[in-house]
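Welcome! Take a moment to look over the sequence and the fold before reading on. The sections below walk through the sheet, one of its residues and the pockets.

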Amino acid sequence: FGINHKIIINQNTYLKNTLAYTFSESKTKQENFTTINDEQIKYDAIDLKDKTQTYQLSSTLNKKISSRLSYRAGILARRLMANSNIKNRDNLEPDQIKDEDGDGLPDFVQVADFNDGYFQLQAHAQAKYRFSEKWDIRFGLHSQYFSLNKNKSFEPRVGLRWKMHPNHEMSVSFSKQSQSQQLPTLFYNDYDPITNTYKSDN
């Protein structure tokens, strides 16, 4: 669900705001069969449940300074609520396999259990300069903050375009890009054989 609002400041400047809410849910359940004492047994191998709710606000200012130079700058703020619950015994490492209940099957291990919220903040600015009808350059900076691990990134970006023909153009660009991982990867806990516990390393 979302709403867009565009403000025309003057003939060369406008501000675009977006407010949005998204919800997603995914579930995966895998059952395996094995034979114990000549008896076929069905057991749960993987049980995965992921839910996310995202509240998002973005605002971007676009301005044309001259016929050759224009720029845009903006911010994006996200509040994410996540519930990630993963139990697994099918893809365990050898040092993780245990059978403490003695049923002949690897124990069902809780490898993710997260139910909380976090923030993602982004800011960006980009300018475009037209040398001529055929040549233009774009350059800018994108920054990001991720509250879950207090990680910050600053990402320069630059691109050059050559319009060699009305129907053809060629461009080259350089940028540094970063992104957060999907829930099953982000909250998956790795086994620490020294402490015999699971911890979040991602």
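## Strands 5 and 6

Strand 5 (109–130) and strand 6 (135–146) pair in the antiparallel sense over 11 bridges. Here, strands (E, at least two residues) and helices (H or I, at least four) are DSSP runs numbered from the N terminus, and two strands pair if DSSP finds at least two bridges between them.

A word on the model itself: it is predicted, with local features needing pLDDT of at least 70 and side-chain atom pairs counting only at pLDDT 80 or more, while totals for chains, interfaces and linings use all residues. Residues are numbered from 1 along each chain as its sequence is written, and side-chain values use heavy atoms, leaving out hydrogens and water.

## Around strand 3

Strand 2 (13–36) and strand 3 run antiparallel, joined by 24 bridges. They form a hairpin with 2 residues between them, and asparagine 37 in the turn has a positive phi of about 55°.

In strand 3, it is the bridge partner of tyrosine 14, and its own bridge partner in strand 4 is arginine 72.

## Leucine 48

Leucine 48 belongs to strand 3 (residues 39–64). Is it buried or exposed? Leucine 48 is buried, because its relative accessible area is 14%, and buried means under 20%, exposed over 50% and partly exposed in between (1.4 Å probe, protein chains only).

Leaving aside neighbours within four places in sequence, leucine 48 is in contact (heavy atoms within 4.5 Å) with Ser26, Lys27, Thr28, Asn85, Ile86 and Pro184. Leucine 76 is 28 residues from leucine 48 in sequence, and 30 Å from it in space, C-alpha to C-alpha.

The largest pocket holds about 420 Å³ of space. A pocket is an open set of points on a 1 Å grid over the protein atoms alone, where a 1.4 Å probe fits, with protein on both sides within 12 Å along at least five of seven lines; lining residues have an atom within 4 Å of a point. Grid points are joined across faces, edges and corners, and the volume is the space filled by probe spheres set on them. Of its 22 lining residues, Thr52, Leu80, Ser180, Gln181 and Gln182 lie nearest the centre. The lining divides into 5 nonpolar, 13 polar and 4 charged residues (Ala, Val, Leu, Ile, Met, Phe, Trp, Tyr, Cys and Pro count as nonpolar, Asp, Glu, Lys and Arg as charged, and the others, Gly among them, as polar).

The second largest pocket has about 260 Å³ of space. Its lining has 17 residues, with Ala125, Gln126, Gly140, His142 and Arg157 nearest its centre. Strand 6 gives the most to this lining, with 5 residues.
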